[in-house]
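Colleague: Hi, I'm new to this one. Could you put it on screen and walk me through it?

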Amino acid sequence: MLRDFVWHGRQVRDVEDLREALVALPIEIQDETLTDFQQLYQRARDGGFAKAVLDEARFHDIDPELPELFAEMKSHLERVMWTFLHRRDEYWDGAHVIWKVDKVTGSNQWTSRPGLPRRPGPVDESVVASLKQTLIEYFSKHEARGRRCQIEAYRRDGEEIFYAYPEDYKMPVSAYVGETLQPKTAQFVFEIIFRHIDAKGQLDIHVEGDTVSPGTLQVLFAKAVLKEDIDEDYDPALPSYDLQPLLSRYFAFDWPDDTGIESVLIKSLRIRIEGERFQRLTVEADPDGMPEAVYDLLEPATKALPPATLVADQVGLSVVFKKTPIDRRRTRLVIITAPHTCRMQRDAKGDQIMRMLERSGIAVPARTDTNDASGKA
């Protein structure tokens with residue numbers, strides 16, 4: 001071991017006797033020590049890892065004096081080594097994930113999906129387990145890989161980071177077994193970073209060197225973590241939806257006569273309670289014969305809550321079309337989730353429903369012009 005090695009009073013490049021001491025160690029200890037040194041060197045090449053350590057210390061409210069301590073140190077290597085020796089169990093792993101995320105921040109390999117629903121609950125073991133199982137089921141079924149998966153979840157400055165390591169295909173490699181070089185089969189992983197910003201309703205995904213569709217991953221994440229079904233194809237020119245007017249039982253849908261619509265009834269309404277993190281309320285009722293049945297349930301349930309804290313973020317509609325000799329299917333179910341998701345059949349009747357939603361002020365068409373504030377194209 002190197003416990004008796006004299007470290008103090010040495011010049012930076014005075015390493016020959018250290019090299020001799022390392023070579024004299026048993027092979028197993030040499031390998032472990034050199035692996036640690038490689039990790040330390042990689043993390044000390046710039047200030048990114050030290051910054052990630054400070055982020056983790058601040059988030060966990062550990063070592064409030066750490067910024068001053070790091071400022072007194074002479075190099076990033078010293079800061080990384082201090083963390084490795086003194087705080088490896090506290091926030092080494094978390095800083096490692098944040099550091100890897102920061103390394104790709106700003107690269108063109110991030111795929112962003114704005115306009116997603118708010119997250120319904122905290123990030124806990126059940127959320128991580130749900131995402132893990134969702135990824136395993138998808139990759140094992142569709143790509144014959146990913147039967148095992150590990151996910152590391154961390155939170156930083158309003159961002160939730162899920163770093164996933166699904167099992168990749170087995171690959172042949174050559175490795176020494178004792179003194180003999182032999183062909184082996186290695187089970188590698190591929191890496192997926194999910195970065196969710198709840199306040200923006202935005203999901204960023206980074207998959208390095210893989211061909212899996214980001215749109216598919218967005219759908220899987222939304223289902224497992226956000227508890228929502230979203231469309232895989234995202235168009236930034238999609239309309240947005242304002243559901244707040246639906247909180248009033250006196251709201252009336254409006255449509256032109258030529259749409260063929262006979263009635264629009266609310267079957268379900270979901271409310272997010274602002275100021276009470278992770279709380280949502282959903283009411284469902286059969287509106288047939290009782291058009292305001294949903295409000296008969298909603299109003300008593302929210303009576304004690306300030307109206308300003310209630311945010312409508314999902315509605316289920318039953319749209320009934322007028323009877324015709326050739327059309328026996330008169331009712332369409334529409335599920336709208338603010339701000340950008342509308343699930344319904346896309347056809348001529350779907351187009352008429354969109355006309356009704358726009359005329360009622362629920363759907364706000366996306367801007368199609370490309371002019372900036374100065375009026376220049």
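Modeller: Happy to! Keep in mind that this is a predicted model. The largest nonpolar core has 32 residues, and L317, I336 and L357 have the most contacts inside it.

Colleague: Which elements give two or more residues to this core?

Modeller: They are β8 (261-273), α9 (293-301), β10 (310-321), β11 (331-337) and α10 (348-359). The most comes from β10, with six residues.

Colleague: And what does I336 touch?

Modeller: Leaving out residues up to four places away in sequence, I336 touches several residues, including Y241, L243, L317, L357 and I362.

Colleague: Switching topic: what is the strand order in the open sheet?

Modeller: The five strands run β9-β8-β10-β11-β12, with antiparallel pairing. At the edges are β9 (280-284) and β12 (341-343), each pairing on one side only. From one strand to the next, the twist averages 20°.

Colleague: Which strands of the sheet does α10 touch?

Modeller: Helix α10 packs on the sheet against β8, β10 and β11, and its direction makes about 135° with that of β10.

Colleague: Now helix α3. Why does its span of 17 Å agree with what it should be?

Modeller: Helix α3 (residues 48-59) has twelve residues, so at 1.5 Å a residue it should span 16 Å, and its end C-alpha atoms are 17 Å apart, which agrees.

Colleague: Which of its residues are buried?

Modeller: In α3 the buried ones are F49, A50, A52, V53, D55, E56 and A57. They pack against α2 (27-43), α4 (66-72), α5 (76-86), α6 (88-104) and β2 (149-156).

Terms used. Residues numbered from 1 in each chain as written. Predicted model: local features only at pLDDT ≥ 70, side-chain atom pairs only at ≥ 80, totals over all residues. Heavy atoms only, no water. Helix = DSSP H or I, 4+ residues; strand = E, 2+ residues; numbered from the N terminus. Expected span 1.5 Å × (residues − 1). Buried < 20%, exposed > 50% of the residue type's maximum accessible area, 1.4 Å probe, protein only. Contact = heavy atoms within 4.5 Å. Core = buried A, V, L, I, M, F, W, Y, C linked by side-chain atoms within 4.5 Å. Pairing = 2+ DSSP bridges. Axes fitted to C-alpha atoms, helices over the stretch in contact; angles between N-to-C directions.
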